[in-house]
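Below is a briefing on a two-chain model.

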2 protein chains.
Amino acid sequence: MTKELPVVFDTLTVIGVGLIGSSVLRRARLGYGLARRLLAVDSNPDVCQRVHELQIADEVMTDAISAAQQSDCVMVCVPVGRIGSVAEKILPVMRTGSILTDVGSTKVSVIEAIRPVLERIVTPNIAYVPAHPMAGTEFSGPDAGLAMLFENRWCLLTPLEHTSFEAIEMIRVFWQRCGAHVRHMTPEHHDRVCAIVSHLPHLLAFTICGTADDLAEETRSEVLDFAASGFRDFTRIAASDPIMWRDIFLANKKALLEMFDRFMDSAETMAKAIEEENTAYIVDRIQRGREIRKRLIENQQA
Amino acid sequence: MTKELPVVFDTLTVIGVGLIGSSVLRRARLGYGLARRLLAVDSNPDVCQRVHELQIADEVMTDAISAAQQSDCVMVCVPVGRIGSVAEKILPVMRTGSILTDVGSTKVSVIEAIRPVLERIVTPNIAYVPAHPMAGTEFSGPDAGLAMLFENRWCLLTPLEHTSFEAIEMIRVFWQRCGAHVRHMTPEHHDRVCAIVSHLPHLLAFTICGTADDLAEETRSEVLDFAASGFRDFTRIAASDPIMWRDIFLANKKALLEMFDRFMDSAETMAKAIEEENTAYIVDRIQRGREIRKRLIENQQA
């Protein structure tokens, strides 16, 4: 794709310039028909300074309201726990016909926070399109962004009833031009799927690192020396941003704790099988993991 | 290193030609002063046929006794649950002054199985040196081996009291020439460290894949589609060989279940913190994971 494509948005504001926000800006900066003009907003002046140095936006500011007033699309890329309050601030000043979207990793609680604000505003024809690009690395901040981050990754849209088809379509095209494959689903279904494929694995990775850290000093220092590939993979997951993950855990509490309970039951049953040397059960469970892996590879996601 | 090095062993027998066994053979085949002559033993005739085709040994056979009679070192590379019975078979026919070693991922139970056999044999001066090269991939079988598999990885030795210094030294030099960093520790300490850095992570990875597999069909198919990096890393771990892991779990039951209990307590506390929205606790636990990761990178293990 080239810069000659008709752009999806004239002026795009990205609020929160972390890994995802700065990746969107980098991608849009390269063209791909995403936006003619890019405004970057971050509440942290140091981040703004860095974004300015990186030259990935036309204007950088701490004032979300001023940016929102100038934009036909505002994309909120702050941790999920703060999306609601950001929306509350900017929705009343957004322009007629403009689009609000977010990139939060949980959807039910974000929509619950935004829906009442949306119902209160009087400006006609403002659409809110919730989105979740399933991409990331263990790094965070404006320097961590990559223009190719979304290439061949999924972006899930969980649109609200009565949202204009045109608005949903613009967000779909936007993410496709970012390189993502777009799928629609309900917010509830989204949160359950993400609980098992992403949130629970992160919870377990943080926990096992904590468990290792609780060990007596002698063993702990050797854990670091001898971390085999098993533990190394867990620490890669566990290196992610604490505030982002705290927010995700709280925002998706219901689905996460449901999956957690299922996992704990399975884990207890597996431990009991090891205790009782129930070899058939142990092999069956291991076999299932292999099959899931095999299907993952067949799905070309591995 | 070149083929001109004085070799550590004249005739080396490798019993069990899976990932580790075939990697040792490949390495020795390239020289590195490991052994002049290589005998490969596998109870599976199909594996023998494949090893023959791969040309990674001078002779391939299903008969462990005949190979052991000709060797100054026998390295047992079968799953840990079978090391004891292999040792029982070959120790009585091994030559004066020869060395028995193994590559099992657990050490206490393997030593417990071998020690009484060792005490019964009458051939003078046979040494047993337990070893554990901490290397692997998620692949198995003779085709999975890599001559460079042990490069810059740890190999842990857990020698028994009264073992000759010369025998331990030969095994140490052998693994160093395989590219590994060698460390000594007690079998008990080894098993605790490996329980937390490797065995528990594998147990959890198998379990979470099983949990996903137990979900209703609709969610499960999407789990495969949307596996984010979190879940993908878990399935990579979970793709390992079922029989090998069944044996490791059973052989290291005591240390593994101790670490499992610690982990489950931590996990329950974390879930309770999420339930009660105890943000300080959640952030502290996540932070610890990051610190462990940071130290891992500093230790150049990441």
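**Strand pairing and chain contact**

L12(B) stands opposite C73(B), a residue of β4(B). This pair belongs to the 4 bridges that join strand β1 (residues 9–15) of chain B to strand β4 (residues 73–76) of chain B, two strands that run parallel. Two strands count as paired if DSSP finds at least two bridges between them; strands (E, at least two residues) and helices (H or I, at least four) are DSSP runs, numbered from the N terminus.

This is a predicted model, in which local features need pLDDT of at least 70 and side-chain atom pairs count only at pLDDT 80 or more, while totals for chains, interfaces and linings use all residues. Residues are numbered from 1 along each chain as its sequence is written, with chains lettered from A and ligands numbered from 1 in the order in which they are written.

**Sheet of chain B**

- The open sheet has 8 strands in the order β3-β2-β1-β4-β5-β6-β7-β8 (chain B), with mixed pairing.
- Its edge strands, β3 (59–61) and β8 (181–184) of chain B, each pair on one side only.
- On average, neighbouring strands of this sheet are turned by 25° against each other, direction ignored; axes are lines fitted to C-alpha atoms, for helices over the stretch in contact, and angles run from 0 to 180 degrees between N-to-C directions.
- β1(B) and β2(B) run parallel and are joined by 6 bridges; R37(B) in β2(B) is the bridge partner of T11(B).
- β2(B) and β3(B) also run parallel, joined by 3 bridges, and L39(B) has E59(B) in β3(B) as its bridge partner.

- Helix α1 (residues 19–29) of chain B lies across β1, β2 (35–41), β4 and β6 (127–133) of chain B, at about 155° to β2(B).
- A right-handed β-α-β unit is made by β1(B), α1(B) and β2(B); right-handed means that, with the strands pointing away from the viewer, the path from the first strand over the helix to the second runs clockwise.
- β2(B) also belongs to a right-handed β-α-β unit with helix α2 (residues 45–54) of chain B and β3(B).
- In β2(B), 5 of its 7 residues are buried, a residue being buried if 20 or more other C-beta atoms lie within 10 Å of its own, exposed if 12 or fewer, and partly exposed in between, with C-beta atoms placed from the backbone.
- Helix α10 (residues 242–251) of chain B is mostly covered, with 8 of its 10 residues buried; among them are W245(B), R246(B), D247(B) and F249(B).

**Sheet of chain A**

- In chain A, the open sheet of 8 strands has the order β3-β2-β1-β4-β5-β6-β7-β8, with mixed pairing.
- Strand β7 (residues 154–157) of chain A pairs with β8(A) in the parallel sense over 4 bridges, and L157(A) stands opposite H184(A) in β8(A).

**Contact and symmetry**

- The contact takes 78 residues from chain A and 78 residues from chain B, where contact means that C-beta atoms, placed from the backbone, lie within 7 Å.
- α7(A) gives the most to the side of chain A that touches chain B, with 20 residues.
- By class, that side has 44 nonpolar, 16 polar and 18 charged residues; Ala, Val, Leu, Ile, Met, Phe, Trp, Tyr, Cys and Pro count as nonpolar, Asp, Glu, Lys and Arg as charged, and the others, Gly among them, as polar.
- Chain A superposes on chain B by a rotation of 180° with 0.0 Å of shift along its axis (RMSD 0.0 Å), by least squares on the C-alpha atoms of residues with pLDDT of at least 70 in both.
- The two copies are thus related as by a two-fold rotation axis.
- D233(A) has the C-alpha nearest the axis in chain A, 3.1 Å from it.

How values were computed:
Two residues are in contact if their C-beta atoms, placed from the backbone, lie within 7 Å.
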